[in-house]
Amino acid sequence: MSGTRILALTTRIMRQIVRDRRTLALVFLVPLLVMSVLYVVLTGSSGAVPRLALVRPTGTGSEALNLLIDRLLPPASRLKTMTIAADEVESVLNKGEADAALIFPTDLAAQLAHGEHPRLQLVLEGSDPTVAAAMRESVTALVRQLDVALVQAQSQRGQGQQGPVPAVNVPATSVLTLATPRYLHGGPDYTFNDALAPVFIGVFSFFFVFLLTSVAFLRERSQGTIERVLASPLRRGELVMGYVCGFTLFALVQAVVVLLFVIFVLRVHYQGNLGLVFLVAILLTVSGVNLGIFLSTFAQNEFQIIQFIPLVFGLQVLLSGIFWPVAQLPAWLQPVSYLLPLTYANEALRDVMLKGSDFAQIAPQLAALLVFMLLMIGLSAVTVRRQVA
Amino acid sequence: MAESSQTGSHSLATGAGEPLVVCEGVVKVFGKLRVLDGLNLTIGTGETFGLVGPNGSGKTTLMRMLAGLVRPTAGGVRVLGRCLPDPAVAASIGYMTQLSALYLDLTARENLRFFCSIYGLRGQERERRINEILERVELSANADRVVATFSGGMRQRLSLACALVHRPRLALLDEPTVGVDPELRRAFWDYFAQLNGEGTTIVVSTHHLDEAARCSRLGLLRFGKLLACGTPQELLAGAGTSDMETAFLYYAARGRQEEVTA
């Protein structure tokens, strides 16, 4: 063990690091960037107010009931509510305008007056299990409060006082029944993993293909084989296409493996068209290959490629709606999400696998992915052309 | 695309009257650096043209330009009668880079197959040529070994094979004998002479002056210009010496003086 030799080595390594400006910048700045985003995402989720649509009672004597409901609703900062018509429930939930709908019988007042047990129906959108579970909880609490209030009003009436609430002629401790919630998508046994599994396919096809392409292309440069290839009759476009095909095939095999694992090992619920899943995977893969070629020209060695991971991957994982819906991000951060291809891929994959959406329903996401892919192809084409000085 | 390659092969076939390589007033500027500075050069069919000059004199840039990888800032480069860069000429050129540019994770045969394929060779013809060239560079016994396990000399031989396997009319060899032992170097040069006999033109750069003596013609490159150009005998006579090293120092000193007076 020689102290001088170790010191010499240490000095050399430190000198190399200091001389490598990009490494310095990335090592110090990217963690700050990712941590900042993580902080914003984790603390700024106050925008995550669940939205409940109400189908209110409208029959005679409903005014007082609606007043009571309004009084019992949690403040708007904890639950946003809106009033819709009974036939709007499915469309409002499918458009994502509300996370759940609570349907009161039209003749709630009359049913109470007749001593019946009115049935309330909760309809959950359901594709995000965490939101659905939270919604179920807060609506159950709301109905219970309403129930208590109605029972109280009845007993007050029994003592001869005239309450604001119509007569309830049932001497019971509970007057309302909340029917088993109906799920538009998914179900009560859907877990967080069910919502997470579809996005794995997108994340993996994008990430690994990006990483492998950039390293492979970097090797071409550092081994000098790119010179040979470019001196041959092979056209630049063919070079890019060769890479795209090689890695797309690879990524599709990967998508199949992930899909099989997700369905048969993790036993995740899924429905929908597998062809669309692969279409999304192909669009993402081609983007990933071209982004890899493009970014590899900014790296001198494999280590610098690794430094791109937090930038390319870290940000997308945080902002593309994998763990938190994009709608829950602070408003100023949401436009950033919509610049990232994984946001669209995640939406499309979830729509297909959880809701069984068809081609037309995910067409906007596919279009966004296509635009991103063309942009990446353009960048890598410019990059490859630049190899000829 | 099809049309341009057709007219390409047509004019390539009729280019018999013109020298294979013509450089006229070639200038290449990288940033502030004038790597080539008004270079004039012609190379005829079937000769071995040696490029000699110190490191950084522009040898590799000239090679890359002849390979169509670098565009001249000014002046013109014609190969096989066509202005470069031209994809139609690419198929007739073989380029051996200074690094032994090979895919280390592939076998020798797989490397040759890849380079053959991007030059459009396929099927039995491809396999026949691969076996032939493997025989010639004496790698047949190791053809199916992964290149990462090859010694420096073996890599250099495979690199040469990759540049020649598609039988180019113009072979650009950038320091092909770096790190090659004397015995193998001799074998390389015997092979070059054989290729000349078959009509292949070779442009080769070297630092070995004994190799320079084996070229049909030599160019001394310095300051981005050809300081001297001719057969080895002509260069020796012009410098009034019988020693190649003395001759080069003489021309280099003369070039430096011209630089100062200019």
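The model is a predicted one.

I start with chain A and its annotation. An unreviewed UniProt entry places the feature "transmembrane region" at six stretches: residues 23-42, 195-218, 239-264, 276-296, 308-327 and 362-384 of chain A. I looked at two of these in the model. Residues 195-218 are 100% helix and 0% strand, with the end C-alpha atoms 36 Å apart. Residues 276-296 are also 100% helix and 0% strand, and there the end C-alpha atoms are 30 Å apart.

Next, helix α13 of chain A, residues 341-355. Does its length agree or disagree with what the residue count predicts? The helix has 15 residues, and at 1.5 Å a residue these should span 21 Å; the end C-alpha atoms are 20 Å apart, so the two agree. After α13(A) comes A:G356, which has a positive phi, near 70°.

Now the aromatic rings. How many aromatic pairs are there over all chains? The count is nine. Take B:Y103 and B:F114. Their ring centres are 5.3 Å apart and their planes are at 85°; edge-to-face requires over 60 degrees, so this pair is edge-to-face. The pair links distant parts of the chain: B:Y103 is in the loop between β6 (93-96) and α4 (108-118) of chain B, while B:F114 is in helix α4 of chain B, 11 residues apart.

Are the two partners buried or exposed? B:Y103 has 11% relative accessibility, so it counts as buried. B:F114 has 28%, so it counts as partly exposed.

A second pair is B:F188 with B:F192. This one is tilted, at 6.2 Å centre to centre and 55° between the planes. Both residues lie in helix α7 of chain B, residues 182-197, and because they are four residues apart, about one helical turn separates them. In general, an α-helix has 3.6 residues a turn, so residues three or four places apart point the same way. B:F188 and B:F192 are both buried.

Back to the first pair. B:Y103 and B:F114 belong to a cluster, linked by ring pairs, that also includes B:F115. What sits over the ring of B:F115? It is the charged end of A:R228, 5.4 Å from the ring centre. That contact brings chain A and chain B together in one place, and it is where I stop.

Key:
Residues numbered from 1 in each chain as written. Chains lettered and ligands numbered in written order. Predicted model: local features only at pLDDT ≥ 70, side-chain atom pairs only at ≥ 80, totals over all residues. Heavy atoms only, no water. UniProt positions renumbered as here; feature names shortened; annotations may be inferred. Helix = DSSP H or I, 4+ residues; strand = E, 2+ residues; numbered from the N terminus. Phe/Tyr/Trp six-rings, centres within 6.5 Å; stacked < 30°, edge-to-face > 60°. Buried < 20%, exposed > 50% of the residue type's maximum accessible area, 1.4 Å probe, protein only. Lys NZ or Arg CZ within 6 Å of the ring centre and 35° of its normal. Expected span 1.5 Å × (residues − 1).
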